Amino acid sequence: MLWIKTLHLAALLVWCAALLGVVAALSSHAPDAAHAAKTSRSTPFHDEGATLVLPHGGLRQMFMLMATPAALMGIAAGTALFPWVPVTEGWLAAKLMVVAVLAGCHLLAGWAILRREADQPVSPVAITALAWLALSAMLLTLWLVLAKPA
């Protein structure tokens, strides 16, 4: 059971970090492809003032190759822990609801990436709201896990 918990925790850490990175990149004001082609450097991320610039397709790669597999692994490992957790406890239901909100944030980030790739604007207010919602869900999940009854 310890290795499943470790896998669950590691996957959630990667998922949350990647999701926050995707949202941070979405909040960037630089066009993804054209601007990155002109300012390409040897590192995948570089700072141009307050703008996070990714190489062409880098945002989709971060989402598809880091955030999504980590999300699936974290959810699968969490589900594998069910035999060792009394499922009638209220904190577990609350945690699952918060994880569902986090999964919804993941889906919204993917939708925003698709809109950005199609040169359709995504409101900065919507991206900010997405960032706050995702961060709140992450912190609430942490609080629920730490407040879990013994």
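This is a predicted model: local features need pLDDT of at least 70, side-chain atom pairs count only at pLDDT 80 or more; totals for chains, interfaces and linings use all residues.
Residues are numbered from 1 along each chain as its sequence is written, and side-chain values use heavy atoms, with hydrogens and water left out.

Reading from the N terminus, the order of elements is α-α-β-β-α-α-α. Of the 150 residues in the protein chain, 36% are buried, where buried means under 20% relative accessible area, exposed means over 50%, and partly exposed lies in between, with a 1.4 Å probe and protein chains only.

Let me turn to the helix packing. The axes here are lines fitted to C-alpha atoms, for helices over the stretch in contact, and the angles run from 0 to 180 degrees between N-to-C directions. Helix 1, residues 2–26, packs against helix 3, residues 58–80, at an angle of about 150°, and their axes are 7 Å apart. Angles under 35 degrees count as roughly parallel, over 145 as roughly antiparallel, 65 to 115 as roughly perpendicular and the rest as oblique, and helix 1 and helix 3 are therefore roughly antiparallel to each other. In the contact of helix 1 with helix 3 there are 22 nonpolar residues, 4 polar and no charged; for these classes, Ala, Val, Leu, Ile, Met, Phe, Trp, Tyr, Cys and Pro count as nonpolar, Asp, Glu, Lys and Arg as charged, and the others, Gly among them, as polar.

For helix 3 and helix 4, the axes come within 11 Å and cross at roughly 165°, which makes helix 3 roughly antiparallel to helix 4. Helix 4 and helix 5 pack at about 155° with their axes 9 Å apart, and are therefore roughly antiparallel to each other as well.

What is the volume of the largest pocket? The value is about 840 Å³, a volume being the space filled by probe spheres set on grid points that are joined across faces, edges and corners. A pocket, on a 1 Å grid over the protein atoms alone, is an open set of points with protein on both sides within 12 Å along at least five of seven lines, and lining residues have an atom within 4 Å of a point. There are 34 lining residues, and the closest to the centre of the largest pocket are H8, L12, K95, T141 and V145. Helix 1, helix 3, helix 4 (90–117) and helix 5 (124–146) each supply at least two residues of this lining, and helix 1 gives the most, with 8 residues. By class, the lining holds 25 nonpolar, 5 polar and 4 charged residues.

Two single residues deserve a word. L96 lies in helix 4 and, at 41% relative accessibility, counts as partly exposed; its C-alpha atom is separated by 8.8 Å from that of T141, 45 residues apart along the chain. D119 is found in the loop between helix 4 and helix 5, and at 70% relative accessibility D119 counts as exposed. Most residues other than glycine have a negative phi, whereas phi of D119 is near 55°, a positive value.

Conventions: Helices (H or I, at least four residues) and strands (E, at least two) are DSSP runs, numbered from the N terminus. On a 1 Å grid over the protein atoms alone, a cavity is a set of points where a 1.4 Å probe fits but cannot get out, and a pocket is an open set with protein on both sides within 12 Å along at least five of seven lines; lining residues have an atom within 4 Å of a point.
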